[in-house]
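Subject: Structure handover

Hi,

Here is the structure for you to look through. My notes come after it.

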Amino acid sequence: MGATARPGTENDTIVVVWAAIVAIITLLSILPIFLYHVDLSTLSFGSDVPIVVGVGILLTGYAPAFAAFLAVRLVPGSGGVRQLLTPAVRWRVHPIWYVIASLGPVGLFLFGDVIRSVLGLEIPAAWLALPSASALVFLAGALIAGSFGEEVGWRGLAQPRLQLRHGALPAAIIVGLVWSVWHLWPVVAPGGFGVTGVDGVIFTFVRLTATSVLYAWLLNRTHGSLLIVMLAHAGHNIAAQVVPLPGGTQHADPVTALLYVLAAVIVVAFDRPTWRSSTPARTEPATYPRQAP
C-alpha cells in the first residue's frame, strides 16, 4: 500500500508553485531595468524611460494575480479561475466591514499624526491633502494593481490554502513574510537600495506582516470575502495619498508600521474564535472538484 499524503499537502503544493511563478514573472518584469541601466533613485512618475521598462514595472504589480491564474490551471485539483475569483465578488457582508476596510486606514494614518504631535515628532504641513493630477493617475493604477493584481494571489490563493493546514495566524505570517520579500524587489535594482534604505527594508517587513494578519482577519470575519480585503488594500493606498506622511516616509515610517502591529495584536488577542477556524466559510479551496481534461 502506498503512502498517503498528509491532509493539506496539495494546498502547500499549489502555493509553492504559485510562489515560484510569482518570482519568475517579477524577475522577468524587472529585467529591462537592468538591461537599460535605469536608476530607480532618479525615477519618478513623469520620467522618460523605455516603454518596456515602464510596462515591466507595471506588470510587477499584477504578478501575484497572473501567477494565481496560471497555478490553478497547472496544478491538478486546485480549481479553476472561476473558483479563484468567486470570493472577489462576495459582497453580501455587513456594512460595517465596508466602513472598516475603506476608512480604517485613513483613521490609522491620522492617529499616527496625533501620536507624532504628542511625541513632538515631525508632522506633515497638512494632515489631509488632495492628490495632484499626476498623483491621481498613479493612485488609480495603484488601486487596481494593489486591490486586484496583488490580493487575488496573497489572500485569494495563498492565505486560505495555507491556513487549512497551518492555521489562520501562521498562514498570515507566512504570507506576510513572502509579501514583504516580493515588495522589496527594488532593493536589488540599480539605485533601489539607496532609495529604500535599511530602515525601509525593516519597516516593510514589520508593516506588511502585520497588515497580512489584519487582512487574514478581514477575510475570515467576512466568511471569505476577498472583496473586503481588496477594499482595505485600496483604502491603504488612498490613505497614503490623502494623509501625507512627513518627508514622504511611507515605507520607512516607524509610527505607521507600529500602529499596524498594534492593530494586528488587538484582532488576534480579542477575536480568538476567528483564528481557530481553518478556513473562511464558503471558501474551502481544497474541496474544488478536479477539472476534466
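Below is what turned up, starting with the ground rules.

This is a predicted model, where local features need pLDDT of at least 70 and side-chain atom pairs count only at pLDDT 80 or more, while totals for chains, interfaces and linings use all residues. Residues are numbered from 1 along each chain as its sequence is written, and side-chain values use heavy atoms, with hydrogens and water left out.

Overall make-up

The chain has 11 helices and 0 strands. Helices (H or I, at least four residues) and strands (E, at least two) are DSSP runs, numbered from the N terminus. Of the 293 residues in the chain, 46% are buried. Buried means under 20% relative accessible area, exposed means over 50%, and partly exposed is in between (1.4 Å probe, protein chains only). Take the contacts with a separation of 6 or more: residues 24 or more positions apart account for 81% of them. A contact means heavy atoms within 4.5 Å.

Helix 5 and helix 9

Helix 5 covers residues 95-119 and helix 9 covers residues 226-242. Their axes come within 8 Å and cross at roughly 25°. Axes are lines fitted to C-alpha atoms, for helices over the stretch in contact, and angles run from 0 to 180 degrees between N-to-C directions. That crossing makes helix 5 roughly parallel to helix 9, since angles under 35 degrees count as roughly parallel (over 145 is roughly antiparallel, 65 to 115 roughly perpendicular, the rest oblique). Helix 5 contributes Trp97, Tyr98, Ala101, Ser102, Pro105, Val106 and Phe109 to the contact. Among their partners in helix 9 are Leu227, Ile228, Leu231 and His236. By class, this contact has 13 nonpolar, 3 polar and no charged residues. Here Ala, Val, Leu, Ile, Met, Phe, Trp, Tyr, Cys and Pro count as nonpolar, Asp, Glu, Lys and Arg as charged, and the others, Gly among them, as polar.

Salt bridges

How many salt bridges does a search of the whole structure find? It finds 5. The criterion is a side-chain nitrogen of Lys or Arg within 4 Å of a carboxyl oxygen of Asp or Glu. Three of them are worth a look.

- Arginine 116 pairs with aspartate 113, with the closest N and O atoms 2.8 Å apart. The two are 3 residues apart in helix 5, so about one helical turn separates them. Arginine 116 is buried at 2% relative accessibility, and aspartate 113 is buried at 0%.
- Arginine 155 pairs with glutamate 151, again with closest N and O atoms 2.8 Å apart. Both lie in helix 6 (residues 133-166), 4 residues apart. Arginine 155 is buried at 1% relative accessibility, and glutamate 151 is buried at 0%.
- Arginine 221 pairs with aspartate 271, closest N and O atoms 2.8 Å apart. Arginine 221 lies in helix 8 (residues 192-221) and aspartate 271 in the loop between helix 10 (254-270) and helix 11 (272-276), so the bridge ties together parts 50 residues apart in sequence. Arginine 221 is partly exposed at 34% relative accessibility, whereas aspartate 271 is buried at 14%.

Salt bridges that share partners also join Asp113, Arg116 and Asp253 into one network.

Glycine 191

Glycine 191 sits in the loop between helix 7 (168-183) and helix 8. It is partly exposed, at 28% relative accessibility. Glycine 191 and serine 41 are 150 residues apart in sequence, yet 4.9 Å apart in space, C-alpha to C-alpha. Leaving aside residues up to four places away in sequence, glycine 191 touches Asp39, Leu40 and Ser41.

Best wishes
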